[in-house]
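Subject: Structure handover

Hello,

Below is the structure I said I would pass on. My notes on it follow, in plain order, for someone who has not looked at it before.

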Amino acid sequence: MTKSAEMQPLNHLLDNPLALRQRADEDGFLFFRSLVPADPILSLRQQFLQICDKYGWIAPGTALIDGIADPSADEIEPVQASGVSMAGYQDVQRLEAFHRLSHHPAIISMLETLFGETVFAHPRNIGRLMIPAKCNVPTPPHQDYIYIQGTNSFYSLWMPLGNCPRPLGGLSTLRGSHKWGILPTRPAAGAGGRAVILDDIEQEWFEVDFETGDALVFHSQTIHKSLPNLTGNQIRLSVDYRYQPASQPIVQSSNNPHGDVLTWEEVYEDWDSTELRYYWKDYQMSIEPFDGALAER
Ligand SMILES: O=C(O)CCC(=O)C(=O)O
């Protein structure tokens with residue numbers, strides 16, 4: 001049986017580490033309203049949409065900030081489940097503000113409370129510009145662990161760049177699923193290319209109408225999926241970032257740009273600041289091999 005329920009904001013637990021950890025342990029996800037101030041999010045939204053505009057994916061005569069797709073965007077061949085072409089996604093990866101947002105003090109402070117130790121922000125950040133075109137289908141139910149590995153104590157943070165009510169296709173999580181182990185998968189369309197097999201499992205999916213600044217944080221093994229974009233013409237813009245306790249091992253690819261679409265040198269070419277360049281080299285972390293078979297079992 002499949003049910004859906006509303007995610008409840010947990011901002012009141014931000015100064016109560018034990019209660020926050022208990023909730024994460026019980027449910028496998030945490031939802032916060034207005035965790036991050038709107039300014040850096042809306043500024044990044046603008047930058048993502050300028051990239052869409054550069055490639056002609058914005059409907060002429062519409063306000064850029066509304067993110068209304070041009071029907072010609074149907075011809076895009078998206079890379080790395082980013083929703084956009086290789087050239088467009090390389091432009092996203094070059095954005096300093098995109099990488100900087102993953103280090104926002106409000107995010108790091110929340111994760112320090114959750115982990116109770118130094119937080120390591122993976123530099124392999126993912127941006128999604130989900131144009132409602134035939135090439136972009138909803139993200140199937142999956143567990144991030146099989147794609148990331150290293151440690152199962154990492155958490156993913158998903159944040160829309162702007163309001164994301166349910167019909168725009170926000171993220172939905174399956175409560176308690178982080179305790180079910182690594183589930184078998186089958187090939188599926190959408191991000192990751194595989195779906196967890198849930199045929200006989202009773203499922204309680206949690207959803208919410210996301211607003212600018214809201215963040216969903218979930219355990220590496222929590223099953224999650226996106227809702228379908230039912231708007232017909234609005235682009236769903238979001239980021240997903242990953243974090244782990246700095247004492248835990250990591251795989252090498254988590255320190256590479258997502259999808260290896262550029263080298264770090266190329267990513268950094270036009271950055272104003274040097275502060276975040278190669279920051280992960282300052283951490284002494286043990287490097288684990290990536291198990292390719294696990295990603296396809
Ligand atoms: O944004 C999406 O559609 C997928 C995001 C996701 O799977 C994740 O954050 O791990």
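The exposed residues Asp-39 and Lys-54 sit on the face of α2 (38-54) that is turned away from the buried side of that helix. Here buried means under 20% relative accessible area, exposed means over 50%, and partly exposed is what falls in between, with a 1.4 Å probe and protein chains only. Helices (H or I, at least four residues) and strands (E, at least two) are DSSP runs, numbered from the N terminus.

Before going on, please note that this is a predicted model, in which local features need pLDDT of at least 70 and side-chain atom pairs count only at pLDDT 80 or more, while totals for chains, interfaces and linings use all residues. Residues are numbered from 1 along each chain as its sequence is written, and side-chain values use heavy atoms, with hydrogens and water left out.

Helix α2

The buried residues of α2 are Ile-41, Leu-44, Arg-45, Phe-48, Leu-49, Ile-51 and Cys-52. Seen down the axis of α2, these buried residues fall within an arc of 150 degrees, so they line one face of the helix; the arc is that of the directions from the helix axis to the C-beta atoms. Their cover includes α3 (86-94), α4 (96-101), β4 (126-130), β5 (155-160) and β12 (236-245).

The length of α2 agrees with expectation: at 1.5 Å a residue its 17 residues should span 24 Å, and its end C-alpha atoms are 24 Å apart. The expected span is 1.5 Å times one less than the number of residues in the helix. After α2 comes Gly-56, with a positive phi near 80 degrees.

The loop between α2 and α3

Leu-64 is in this loop. Leaving aside neighbours within four places in sequence, Leu-64 is in contact (heavy atoms within 4.5 Å) with Gln-46, Leu-49, Gln-50, Asp-53 and Ile-58.

Pro-71 lies in the loop between α2 and α3 as well, and Pro-71 is exposed, at a relative accessible area of 66%. The C-alpha atoms of Pro-71 and Pro-289 are separated by 43 Å, and these residues are 218 residues apart along the chain.

Gln-80 is also found in the loop between α2 and α3. Its phi is near 50 degrees, a positive value in a residue other than glycine. Gln-80 is partly exposed, with a relative accessible area of 39%.

Helix α3

Gly-88, Tyr-89, Asp-91, Val-92 and Gln-93 are buried in α3. The buried residues of α3 pack against α2, α4, β4 and α7 (264-268).

The ligand

There are 13 residues around the ligand, and those that come nearest are Thr-139, Asp-144, His-224, Arg-236 and Arg-242. A residue is near a molecule if one of its heavy atoms lies within 4 Å of it. Polar side-chain atoms of Asp-144 and of Arg-242 each lie 2.8 Å from an oxygen atom of the ligand. For His-224, an N or O atom in the side chain is 2.9 Å from an oxygen atom of the ligand. On its own the ligand has 290 Å² of accessible area, and the protein covers 99% of that. Accessible areas come from the Shrake-Rupley method with a 1.4 Å probe; for residues, only the protein chains shown count as cover.

Ser-226 lies in strand β11 (residues 224-226) and counts as buried at 6% relative accessibility. Its side chain reaches the backbone nitrogen of Thr-139 at 2.8 Å. Not counting residues up to four places away in sequence, Ser-226 touches Pro-138, Thr-139, Gly-169, Gly-170, Leu-171 and Arg-236.

Ser-177 is in the loop between β6 (171-174) and β7 (185-187), and is buried, with a relative accessible area of 0%. The side chain of Ser-177 reaches the backbone nitrogen of Ile-223 at 2.8 Å. Beyond its neighbours within four places in sequence, Ser-177 is in contact with Gln-143, Gln-221, Thr-222 and Ile-223.

Gln-149 is in the loop between α6 (145-148) and β5. Gln-149 is buried, with a relative accessible area of 4%, and its phi is near 60 degrees, a positive value in a residue other than glycine.

Regards

Notes:
A polar contact is a pair of N or O atoms within 3.5 Å; within protein, one must be able to donate a hydrogen and the other to accept it, and residues adjacent in sequence count only if both atoms are side-chain atoms.
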